Amino acid sequence: MRARYQYRIYPTQRQTQKLAQLFGCCRVVWNDALTRVKSTPSGEKWPSNSELQKQVITQAKKTPERHWLSDVSSVPLQQSVRDLGVAFSNVISRWEPTSQTCSECGYKWGKIDLSIRSVVCLNCGTEHDRDENAAKNIEKVGAGHTHDSKWIKNGHKTRVSGNPIALSNQPSVKQLSLFD
Ligand SMILES: [Zn+2]
């Protein structure tokens with residue numbers, strides 16, 4: 001039989017204060033980064049991870065409004081920005097239109113008229129029932145990495161091509177924050 005131990009940390013008041021300060025800073029950086037991404041004009045590329053870090057950490061520290069960011073380690077702050085990036089790429093793959101992509105090979109055939117009930121994939125030749133194909137795709141998104149790795153192996157990116165996603169249609173972006 002394996003013994004189990006439970007640990008609990010009791011931070012001192014000073015440590016509690018430090019932690020609260022750090023979490024507060026991470027939250028601010030996360031929110032600032034989110035604001036930057038959201039204010040990107042449609043049709044323009046989102047700022048890269050390193051660009052975001054530069055804006056909401058390095059440059060922000062030099063401003064009177066955010067100078068207190070210098071009081072905490074920048075490693076967790078940078079991690080916050082990276083987490084935001086991960087949150088976005090999850091959202092993006094979730095929003096991938098399920099009826100426009102082959103559930104077999106990931107090939108994107110684009111919008112098809114609602115009256116068309118079945119599709120033959122131009123890439124792999126599989127014939128799909130429209131709804132069945134969409135359901136399979138949804139299942140794959142639920143399975144997480146599986147569908148990504150499968151599709152990438154076939155040379156098809158599941159990531160957005162062309163136009164960036166309209167953020168206004170994605171209320172769940174907010175729910176991804178750990179700090180709210
Ligand atoms: Zn296919």
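All views below show a predicted model.

**View 1. Glu132 on helix α4.** Glu132 is found in helix α4, residues 130–142. Is Glu132 buried or exposed? Glu132 has 11 C-beta neighbours inside 10 Å, so it counts as exposed. Ser99 lies 33 residues away from Glu132 in sequence. In space, the two C-alpha atoms are 9.0 Å apart.

**View 2. The chain and its elements.** The chain holds six helices and two strands. From the N terminus on, the order is α-α-α-β-β-α-α-α. Of the 180 residues in the chain, 16% are buried. Take the contacts with a separation of 6 or more: residues 24 or more positions apart account for 53% of them.

View 3. Helix α2 spans residues 49–59. Which of its residues are buried? They are Leu52, Gln53, Val56 and Ile57. These four cover an arc of only 100 degrees around the axis, which means that they sit on the same side of α2. An α-helix has 3.6 residues a turn, so residues three or four places apart point the same way. Ser50 and Gln59 are exposed, on the other side of α2.

**View 4. The largest nonpolar core.** This core has 14 residues. Those with the most contacts inside it are Val29, Trp30, Ala33, Val56, Ile57, Leu77 and Val81. The most come from α1, which gives six. In soluble globular proteins, nonpolar side chains tend to be buried together.

**View 5. Contacts of Val56.** Val56 is one of the buried residues of α2. It is also among the residues with the most contacts inside the largest nonpolar core. Which residues does Val56 contact, leaving aside its neighbours within four places in sequence? They are Val29, Asp32, Ala33, Arg36 and Val81.

**View 6. Confidence along the chain.** The mean pLDDT of the chain is 75. A pLDDT of 70 or more is reached by 72% of its residues. Among the elements, α2 has the highest mean pLDDT, at 94. Helix α6, residues 172–175, has the lowest, at 41. Over residues 144–180, pLDDT stays under 50. For that stretch the model has 39 contacts beyond four places in sequence. Where pLDDT is low, the predicted coordinates should not be read in detail.

Note on methods: Residues numbered from 1 in each chain as written. Predicted model: local features only at pLDDT ≥ 70, side-chain atom pairs only at ≥ 80, totals over all residues. Buried ≥ 20, exposed ≤ 12 C-beta atoms within 10 Å, placed from the backbone. Arc of directions from axis to C-beta. Contact = placed C-beta atoms within 7 Å. Core = buried A, V, L, I, M, F, W, Y, C linked by C-beta atoms within 7 Å. pLDDT = per-residue confidence, 0-100.
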